[in-house]
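Here are a few exercises to work through with the structure open beside you. Try each task before reading its solution.

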Amino acid sequence: MSQTDQLAGRGFAPRTLRLVVWLCLAAAMLVGGITLVVGVTEIVNGLVTNKTVLTLIADRPLPAAAEVSSSGSRIIEGNFETAHVIVTDLPFGISVLAAAAALADVLTRVAIPTLIALLFWRLLRGAVFARSLSLVAVVAGGALLIGGVFSQGLGSFAAAMAAADLNGPGGRGFWPLAGRLDFTTIVTGLILLLVGLTFEYGERLQHDTEGLV
């Protein structure tokens, strides 16, 4: 008996399984909706209040007080690599650039729960290998791959510009002009692309074998 046959039954087990799938679908939609609403709200609020949230490079050693404890354990090496800051009164162009990077990041993170919700929806309808699912998987993978690089690129550029502005004339302030690239999003996007291609192959296989059994 296939997974979709189990979902289509009328006994206790199929109904329970359908309930679990519906709950997972609702949870995925809730996570995606909250991520989108909260993310967009924070971006708009930042633009209205002229407060920009940034993660700046802060390659600084730990203070001496952080390396000693009363229990006898001690840190022998360590440093701060980034600093999460809220900057006000930045030039408008930098604020808009940081907002665009944040929006790209929000839309990228919404792609995952959207794909999961569609997967559970197609599972409930008994059409897991539908064209729409493989298409969304490819689109979601591309969104993570391209959107992740785009948001991180914009974010790094905005952070560097903000650091230059904070350092003031001469550029001899505290903040180094540098950016970071997290490859986790890129790898996740590639995996989703492979998943989408796998579903597309399953769809073709299902179409080719219809009526043979």
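## Exercise 1: an aromatic pair

Trp121 has a relative accessibility of 36% and so counts as partly exposed, where buried means under 20% relative accessible area, exposed over 50%, and partly exposed in between (1.4 Å probe, protein chains only). Before going on, note that this is a predicted model, in which local features need pLDDT of at least 70 and side-chain atom pairs count only at pLDDT 80 or more, while totals for chains, interfaces and linings use all residues. Residues are numbered from 1 along each chain as its sequence is written, and side-chain values use heavy atoms, with hydrogens and water left out.

**Task.** Find the aromatic pair of the structure and classify its geometry.

**Solution.** 
1. Rings of Phe, Tyr and Trp (its six-membered ring) pair if their centres lie within 6.5 Å; planes under 30 degrees apart count as stacked, over 60 as edge-to-face and the rest as tilted.
2. The structure holds one such pair. Its members are Trp22 and Trp121, with ring centres 6.0 Å apart and planes at 70°, so the pair is edge-to-face.
3. Because Trp22 sits in helix 2 and Trp121 in helix 3, the pair ties together parts 99 residues apart in sequence. Helices (H or I, at least four residues) and strands (E, at least two) are DSSP runs, numbered from the N terminus.
4. Trp22 is partly exposed, at 43% relative accessible area.

## Exercise 2: a salt bridge

**Solution.** 
1. Side chains of opposite charge can pair when their charged atoms come close. The criterion is a side-chain nitrogen of Lys or Arg within 4 Å of a carboxyl oxygen of Asp or Glu.
2. Searching the whole structure gives one salt bridge. Arg109 forms a salt bridge with Asp105, and their closest N and O atoms are 3.0 Å apart.
3. Arg109 is partly exposed at 41% relative accessible area, and Asp105 is partly exposed at 31%.

## Exercise 3: a nonpolar surface patch

**Task.** Which element gives the largest share of the nonpolar patch?

**Solution.** 
1. Patches are made of residues with over 30% relative accessible area and no salt bridge; like charges are joined within 9 Å, nonpolar side chains (Val, Leu, Ile, Met, Phe, Trp, Tyr) within 5 Å.
2. The patch consists of Leu36, Val40, Val44, Val48, Leu103 and Leu107, with about 480 Å² of accessible area together (Shrake-Rupley method, 1.4 Å probe; for residues, only the protein chains shown count as cover).
3. Helix 2 (12-49) and helix 3 (92-124) each give two or more residues, and the largest share, four residues, comes from helix 2.
4. Val44 is in helix 2 and is partly exposed at 44% relative accessibility.

## Exercise 4: the largest pocket

**Task.** How many residues line the largest pocket, and which lie nearest its centre?

**Solution.** 
1. On a 1 Å grid over the protein atoms alone, a pocket is an open set of points where a 1.4 Å probe fits, with protein on both sides within 12 Å along at least five of seven lines; lining residues have an atom within 4 Å of a point.
2. The lining has 37 residues, with Val53, Leu54, Thr55, Ala98 and Ala102 nearest the centre.
3. Helix 2 supplies the largest share of the lining, nine residues.
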